[in-house]
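Welcome, and please have the sequence and the 3D view open side by side. We will walk through the fold together and then stop at two residues.

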Amino acid sequence: MVKNKPFNLVAVGGTFDRLHKGHKALLRVALSIGRKVVVGVTSDEMVSKSKADQEVNSFEVRVKRLKTWIEEEKSEDVHYDITRIDDVYGTSISEEELEAIVVSEETLYRALEINRIRVEKGLRPLVIVVVPMVLAYDGKPISSSRIRRGEINEEGEPITRHS
């Protein structure tokens, strides 16, 4: 039995490196509103072209951690696919059945761009669900780059250094 979920097909995407509290908030919203969720994960090639910080985990490592977390988190009535994306749009500009996209405040502009492209292609625009940025202890957004730099952990707490 499918619980009352407003959308049949929802998209969410990202690099999902150092799976942190902000990523989890984004994914929880997607899993709560969609009967099926397509999770786009940036390919290693895309990461190498776009990220200044090259210490991002491999695609395989990121997908494995994501899959483990989703399996523990999702309810039985939710189905999901994790797909590799090689550009900033993934299948969001071509998938006719897609109904909604879940983004952070930081990536809202991309969802607006996706809708513009979809309309130009004769596809219906997506419902855009914006998830507020999750802040660390210091009031700044939690990010994988801050975690990689050793500023905070995945929960946004300060890293305590022992001498």
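In which hand does helix 1 pass helix 3? The crossing of helix 1 with helix 3 is right-handed; a crossing has that name if the near helix is turned clockwise from the far one by less than a right angle, and is left-handed if anticlockwise.

Before going on, a word on the source: this is a predicted model, in which local features need pLDDT of at least 70, side-chain atom pairs count only at pLDDT 80 or more, and totals for chains, interfaces and linings use all residues. Residues are numbered from 1 along each chain as its sequence is written, and side-chain values use heavy atoms, with hydrogens and water left out.

Helices (H or I, at least four residues) and strands (E, at least two) are DSSP runs, numbered from the N terminus. Helix 1 and helix 3 (residues 59-73) pack at about 50 degrees, with axes 11 Å apart; axes are lines fitted to C-alpha atoms, for helices over the stretch in contact, and angles run from 0 to 180 degrees between N-to-C directions. The pair is therefore oblique, the class left over once angles under 35 degrees count as roughly parallel, over 145 as roughly antiparallel and 65 to 115 as roughly perpendicular. Helix 1 contributes K24, L27, R28 and L31 to the contact, and helix 3 contributes L66, W69, I70 and E73; contact means heavy atoms within 4.5 Å.

Five strands form an open sheet with parallel pairing, in the order 3-2-1-4-5; two strands pair if DSSP finds at least two bridges between them. Strand 3 (79-85) and strand 5 (127-131) are at the edges, each with a single partner strand, so one side of each has no neighbour in the sheet.

Strand 1 and strand 2 (residues 34-42) pair over seven bridges, and L9 has K36 in strand 2 as its bridge partner.

Finally, visit the loop between strand 1 (7-14) and helix 1 (21-33), where T15 is found. D17 is found in that loop between strand 1 and helix 1 too. T15 is buried, at 14% relative accessible area, and D17 is buried at 1%; buried means under 20%, exposed over 50% and partly exposed in between (1.4 Å probe, protein chains only).

Their polar contacts are pairs of N or O atoms within 3.5 Å; within protein, one must be able to donate a hydrogen and the other to accept it, and residues adjacent in sequence count only if both atoms are side-chain atoms.

| Side chain | Partner | Distance |
|---|---|---|
| T15 | T42 side chain | 3.1 Å |
| D17 | R18 side chain | 2.9 Å |
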